[in-house]
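Colleague: I am new to reading models like this one. Could we look at it together, one question at a time?

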Amino acid sequence: MKKWLLPGYLTALAFLSLNPWFLPSSEPALGAIPWDGVDHAIAYAGLAVLTLFGVREWLRGGQRLLCAVLLTLGVGVLYEYCQFWFTTTRSFSYGDVYADGMGALLGIALFWGVGKLWQRAS
């Protein structure tokens, strides 16, 4: 994996999280789940996958999983606080942190699921 991919992804997440022009939609997307929650879950699933790829040479098994969950949630909480501190149009949301965590779990499941299918096909 290219060394710039994870830092670039983190930068893009920061830009989208802190940009006052990108206001999240609270319209329902999946039942009672708003588009904002879906957006967070997808974005942070991607972060979890990139983290798992990035640390695969240094960490194994449960350590990789823990690293991906902690980094993903840590970044989510940090960006939520940055919204509170540095913008006037965005605010801290526990719902967004929850969606980030669900995204991390989704990314981990996709990473291992696709990996198992890849191994089976090989």
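This is a predicted model: local features need pLDDT of at least 70, side-chain atom pairs count only at pLDDT 80 or more; totals for chains, interfaces and linings use all residues.

Modeller: Residues are numbered from 1 along each chain as its sequence is written, and side-chain values use heavy atoms, with hydrogens and water left out.

Colleague: How are H2 and H4 oriented to each other?

Modeller: Helices are DSSP runs of H or I with at least four residues, numbered from the N terminus (strands are runs of E with at least two). Axes are lines fitted to C-alpha atoms, for helices over the stretch in contact, and angles run from 0 to 180 degrees between N-to-C directions. H2 spans residues 35-54 and H4 residues 94-121, and they pack at about 45° with their axes 6 Å apart. Under 35 degrees counts as roughly parallel, over 145 as roughly antiparallel, 65 to 115 as roughly perpendicular and the rest as oblique, so H2 and H4 are oblique.

Colleague: How do the residues of the contact of H2 with H4 divide by class?

Modeller: Contact means heavy atoms within 4.5 Å. Among the residues that meet are Tyr 44 and Phe 53 in H2, and Phe 111 and Trp 112 in H4. Ala, Val, Leu, Ile, Met, Phe, Trp, Tyr, Cys and Pro count as nonpolar, Asp, Glu, Lys and Arg as charged, and the others, Gly among them, as polar. The division is 13 nonpolar, 4 polar and 3 charged.

Colleague: And how are H3 and H4 oriented to each other?

Modeller: H3 covers residues 61-86, and its axis comes within 9 Å of that of H4, crossing at roughly 150°. That is why H3 and H4 are roughly antiparallel.

Colleague: Which helix supplies the largest share of the lining of the largest pocket?

Modeller: On a 1 Å grid over the protein atoms alone, a pocket is an open set of points where a 1.4 Å probe fits, with protein on both sides within 12 Å along at least five of seven lines; lining residues have an atom within 4 Å of a point. The lining includes Val 49, Arg 64 and Trp 118. H2 and H4 each supply at least two lining residues. The largest share, 8 residues, comes from H4.

Colleague: How much space lies in that pocket?

Modeller: Grid points are joined across faces, edges and corners, and a volume is the space filled by probe spheres set on the points. The lining divides into 7 nonpolar, 2 polar and 3 charged residues. The space in this largest pocket is about 310 Å³.
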